[in-house]
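Subject: A structure for you to look through

Hello,

Here is the structure I promised to pass on. Please open it first, then read my notes beside it.

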Amino acid sequence: MATVVDMTQFDAWLKELYPSGVPQDLALKNHVFLNKVRKEGNFVGEHIVWPILYEYGQGRSATIATVLGASGPVGPSKGVRMLVTRSKDYAATFIDSETILATTDMGAFAAARKFELDNILKQLGNSMGHAIYRSGTGALTQVAGTEGAAVGAVTTFTCSPITDARHLAVGMQLDFADEDTTGGIRAGGVRTVTAVVVETGVITVDAVLTTPAVEGLDFVYATGDRGLKLKGLAAWLPLTAPALGSDSFFGADRGVHPSRLAGLRLDQPTYPPEENILELAERIAEQGGTPDWVMISHRTFTKLVKRLGAKIEIENGENPKVGFAYITMVTSAGVLRVYPDPDCPDNLGYVLSSETWVLRHLGEFPHIVRDDGLAALRRDASDSIEIRARYYGQLMCNAPGHNGVFSVG
């Protein structure tokens, strides 16, 4: 007689598979910066008030009368007050009830179905890894072509750059928009990815791209993501400095002192990455920072190793099964560890002071949803159960000026 697995038994089975909630290595494995960045829980309340000091008080002069005089330079320290809010991300899987009932051995069921849970955690990790390097808009890529020119009555488009194709997946539903941060999603419904060619960046979807017309340089998003992802390194350290009066980052105008509130930047794509790293580390040290990490893409890392003839070393992450490759570079700011991160865009690199970064989160990061005490739900009008995973969190930096971004050609 078949064994009936009820909800209580299923919950116990999950706890046996994942005795401490969700194993972070499933979600964070191979995502270098996401794995290494410091994490703190207890992100409660509507937001976190996040003050950043950018200027010391100016009550100083070689003349005492100037310091104490009413018209002198006496003044308090300068800072901004950010109201940092959480972002959230979800993943879910549905497991057919007949499959559960037809499996008489719980161990066999676990072996056969554990990959379903592992896969949603890995997918959530991929989403987090991508977001932690981006600006929060959720854009995965842009459509190659000329601005304003319709791609035509075709079911394919090419990613720009083509290496962005690695972030799209068969079965993913896509939205398109003319602008990344303004205006609406193009009407006409979503397109579902049916094929991905990573080498050429060509994406095939299930409907032609003319109703409505998708144009060159349109931004591409996973449906439901636009404007809702966490604000990653590209938001905290933009390659273009924020202008005074036109910036509102968590409610703060970083244009009052872009280098200290939005990091340092080197837009020199024709320079070798090692030169940009050396110069940016020097500038960070001049600002009082102590950089120790460099994050670049695998392609940039390979070119760097070939040019420098550097020896690749391996370190362990938070989980000893997760090892990270790196090389060391000696700079005027000290010794930096240079890491290849598959999430880092090919056209950017980051020189970071690791102690200035934290990923604040609510609940475990990530976690299986157990709001009603059970890890699985019966689905309405469907002979199956549903398991959800999620995270609530935000990347935060207490000294952006001790970090920097550089362009890579």
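**What is in it**

The protein chain has 10 helices and 20 strands. Keep in mind that this is a predicted model. Of the 409 residues in the protein chain, buried residues make up 46%. Now take the contacts between residues at least 6 apart in sequence: 75% of them join residues at least 24 apart.

Look at S5 next. Strand S5 covers residues 139-143, and strand S6 covers residues 156-160. The two run antiparallel and are joined by two bridges. Find Gln142: its bridge partner in S6 is Ser160.

S5 also pairs with S10. Three bridges join these two, again antiparallel. Here Thr141 stands opposite Val220 in S10. Then go to S7, which four bridges join to S10, also antiparallel. Phe176 has Val220 as its bridge partner in S10.

Which residues of S10 are buried on each side? Strand S10 spans residues 219-222, and both of its faces are covered. Phe219 and Tyr221 are buried on one side. Val220 and Ala222 are buried on the other.

Glu179 sits in the loop between strand S7 (173-177) and strand S8 (191-197). Is Glu179 buried or exposed, or in between? Its relative accessible area is 37%, so Glu179 counts as partly exposed. Set aside its neighbours within four places in sequence, and Glu179 is in contact with Phe219, Tyr221 and Arg226. Phe219 and Tyr221 are the pair from one side of S10. Glu179 and Asp218 are 39 residues apart along the chain, yet their C-alpha atoms are separated by 6.9 Å.

**Two helices**

Helix H9 runs over residues 273-286, which is 14 residues. From its first C-alpha to its last it reaches 20 Å, close to the 20 Å expected at 1.5 Å a residue. Its buried residues are Pro273, Glu274, Asn276, Ile277, Leu280, Ala281 and Ile284. After H9 comes Gly288, with a positive phi near 95°.

Helix H10 covers residues 298-308. Thr300, Phe301, Leu304 and Val305 are buried in it. Down the axis of H10, its buried residues fall within an arc of 135°, so they too line one face of the helix. Arg299 and Lys306 are exposed on the other side of H10. What covers the buried residues of H10? The cover includes H9, strand S12 (293-296), strand S14 (323-331) and strand S15 (334-340). Just after H10, Gly309 takes a positive phi of about 60°.

**Salt bridges**

Side chains of opposite charge can pair when their charged atoms come close. The count here comes to 16 salt bridges.

Arg254 forms a salt bridge with Asp247, with the closest N and O atoms 3.0 Å apart. Arg254 is buried, at a relative accessible area of 4%. Asp247 is buried as well, at 17% relative accessible area.

Arg337 and Glu315 meet in a salt bridge at 2.2 Å, N to O. This pair links distant parts of the chain. Arg337 is in strand S15 and Glu315 is in strand S13 (residues 313-316), 22 residues apart. Arg337 is partly exposed, with a relative accessible area of 31%. Glu315 has 11% relative accessibility and counts as buried.

Salt bridges that share partners join Asp178, Arg186, Glu215 and Asp218 into one network. One link there is Arg186 with Asp178, the closest N and O atoms being 3.7 Å apart. Asp178 counts as partly exposed, at 29% relative accessibility.

Best wishes

How values were computed: Residues are numbered from 1 along each chain as its sequence is written. This is a predicted model: local features need pLDDT of at least 70, side-chain atom pairs count only at pLDDT 80 or more; totals for chains, interfaces and linings use all residues. Side-chain values use heavy atoms; hydrogens and water are left out. The expected span of a helix is 1.5 Å times one less than its number of residues. Buried means under 20% relative accessible area, exposed over 50%, partly exposed in between (1.4 Å probe, protein chains only). Two strands pair if DSSP finds at least two bridges between them. The arc is that of the directions from the helix axis to the C-beta atoms. Contact means heavy atoms within 4.5 Å. A salt bridge is a side-chain nitrogen of Lys or Arg within 4 Å of a carboxyl oxygen of Asp or Glu.
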